[in-house]
Amino acid sequence: MAAKLKGKMCKSETCTLSPVLTFRLKMVDSQYYLPNDIGISALDCSEAFRLLSPQEKMYAHYLSRASWYGGLAVLLQTSPESANIFVLLQRIFRKQTPAQLEQVATAAGLSSEEYQAFLVYAAGLYANMGNYKSFGDTKFIPNLPKDKLKALVWASQAFQEQPAEMEALWDSCSCLLYSLENRQKQLGLGDKGITTYFSGNCCLEDAELAQKFLDSKKLSAYNTRLFKKEDGGKTCYEVRLASAVQKDCAVDGECESCCGSFSFEDKEFTVKRGDYSPIMEKVCYYLEKAQTYAANENQRKMLEEYTRSFTLGSIEAHKEGSRYWIKDKGPIVESYIGFIESYRDPFGSRGEFEGFVAVVNKAMSERFAKLVSSAEVLLPELPWPQEFEKDTFLKPDFTSLDVLTFAGSGIPAGINIPNYDDIRQTEGFKNVSLGNVLAVAYATQKEKLTFLEEGDKDLFIKWKGPSFEVQVGLHELLGHGSGKLFVQDDKGKFNFDQSKVINPETGEPVSSWYRGSETWDSKFSTIASSYEECRAECVGLYLCLNKQVLSIFGHEGQDADDVVYINWLSMVRAGLLGLEFYTPDSKSWRQAHMQARFVILRVLLEAGEGLVGLEEVTGEDGKPDARITLDRSKIPTVGKNAIHRFLCKLQVFKSTADVEGGRAVYDNYSTVSDTGAHNFLRLRETVLLRKEARKMFVQANTRISGDSVELVEYEGSAAGLIRSFTERFQDDAEQLESSLLELSKQDAPCWC
């Protein structure tokens, strides 16, 4: 990329580039490539799958198929070009495996490094379901010259057999595939980045107006996209619901059809069904197949409602399915599917499709069950008044799972779902920790451990996994599972006593709350995801100091103290690493969890008294470096007090729907500047210089052989990841690819 930059300059300018500037350009540009030595690991679930009964294997198989097909919607939710790039790669690798294509690449003039860069790019596109990183929302492009990639495409068997189609496919995406124009470097709304949740002419004001409209119609934004059009000088908005059917009939349980045209604040809104229609059809087909093998009535009803949701675009049906899902306690095969997490919608309301299928790890689940049993004792330990906690703690399922399938843009370490506030507050939720993901994702090599003192590194490697297990448990169960939202419903009824509840931050009666159909996401919008992750992370830090919690996870005495120390040190280090996910040009954060961890670092630095040290140093290689220190003796005093104060603030703003107060505090701690005690903008450059690419996972496939289901596993490499995807959709590859291209083509005019 540095060479590309030089190409835009005249000769004399190229000569005057200082070594430092050249180095910095290369350093910054490297974040838009995936390195050839990126970690790629196979997600092992063979033993867990082997122990399933034939019926459970069939159930898992069909749910996996539904998840994988649904996950293809993420291509269309990510960028205008993602679906076309996916099809281009599928067509190449369906005809020739990575091993077979290597000889073609050599003959076409690619070096072994360039061919590996191509494989890594392809693996990255599959793993992220698009050409933007799922963790950080930064674009990545192939780390080889465009003419070399074109030569490889032209030399491929796929091109030889269908030259006109392949050339048209290349022409449709090759420009955007390599483009690093400022707006295209990251996801975002308007001039801040790329999004396909909104048409290209939408800005924040449009998103806010659409949210008000959706609230007025009591419609959730989770499964929608927004398209803005000008018609005879009048602004019109199209709200598109994800559904298999395209006709606008009323859905069971609705008083009237949510579809149609409506006038709202002098603007025309049209609500239509049919977004991702062919994909949703496939999801419904496989969910119906899975119903035959359901273990109980709750699972059957759950799948029935999910099918209704994806057929008709009804979030109410998905909520109903989620209610049955919550009631399905302790299943052997656990799953969830739908438009779930809103991290990648720049406005924070629309859900990205994901689906997972996993098998319960009984030994680890016993620990989480003990944590659930202790929840009612632990919740009063949290730093907010009793009135700010839910009236009743609805004991959830909390299980450790080995993932068989996780379709979407990335795989988390733990999940707390459903995300529907009304269900979580009054009916419950489930927590899952993904054990085989944790085992692979957080294995660390000493030489790759950045920003720590030498004396901390061995301890960090020993306790990082166990401490993260504790943090995930607390974060999901008592972080996301705690806290009350004060609500006045449509009939004027309050779920709290206005005359008695006092705001602990002001000493005055509570004066604000959620009204009618307002939700946490709709109210706090752009900061909701990160703010909530920060609150949950703080709960984890705060409660991991509790000896009873540590004992549940099997840690006593010195070991328990070490777990606490490494958990807090991990959080402080993650706060510094989070700077990779900040974009100075737009002053915006691209990853909710990493913004949350940076905020916590700022809070702990502000606590002073020598609790946290952060200094810029020169590394052994002569390049900029940084060192983090944490005084473990001050964690239970200075550290705990700082988190106590901050966590109480976060909860009070959240409970009382005080967007203004919450945003002011959160934005203040999220600020990255070059003034003050620490030059965070300069530290960001150091973080980019020493960053390690996030690992990618290779997942198995399942296939029916006679009356049984086989598990097909692949090696942990770029080639293995590619093969898993080409074999995943081989039954109807041509029809599927044609549908994806058609969907992409239909929307193409909307992004201009």
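The unreviewed UniProt entry lists His 475, His 480 and Glu 533 under "binding site", an annotation that may be inferred rather than shown by experiment. Although these residues span 59 residues in sequence, no two of their C-alpha atoms are more than 8.4 Å apart, so they gather at one spot.

The model is predicted, so local features need pLDDT of at least 70 and side-chain atom pairs count only at pLDDT 80 or more, while totals for chains, interfaces and linings use all residues. Residues are numbered from 1 along each chain as its sequence is written, and side-chain values use heavy atoms, with hydrogens and water left out.

His 475 has its place in helix 20 (residues 454-479), whereas Glu 533 lies in helix 21 (residues 520-543); helices here are DSSP runs of H or I with at least four residues, and strands are runs of E with at least two. Leaving aside neighbours within four places in sequence, His 475 is in contact (heavy atoms within 4.5 Å) with His 480, Glu 533, Ala 536 and Glu 537.

The table gives burial, where buried means under 20% relative accessible area, exposed over 50% and partly exposed in between, with a 1.4 Å probe and protein chains only.

| Residue | Relative accessible area |
|---|---|
| His 475 | 6%, buried |
| Glu 533 | 5%, buried |
| Ser 243 | 0%, buried |

Ser 243 lies in the loop between strand 3 (234-242) and strand 4 (260-264). Apart from neighbours within four places in sequence, the contacts of Ser 243 include Arg 273, Asp 275, Phe 310 and Gly 313.
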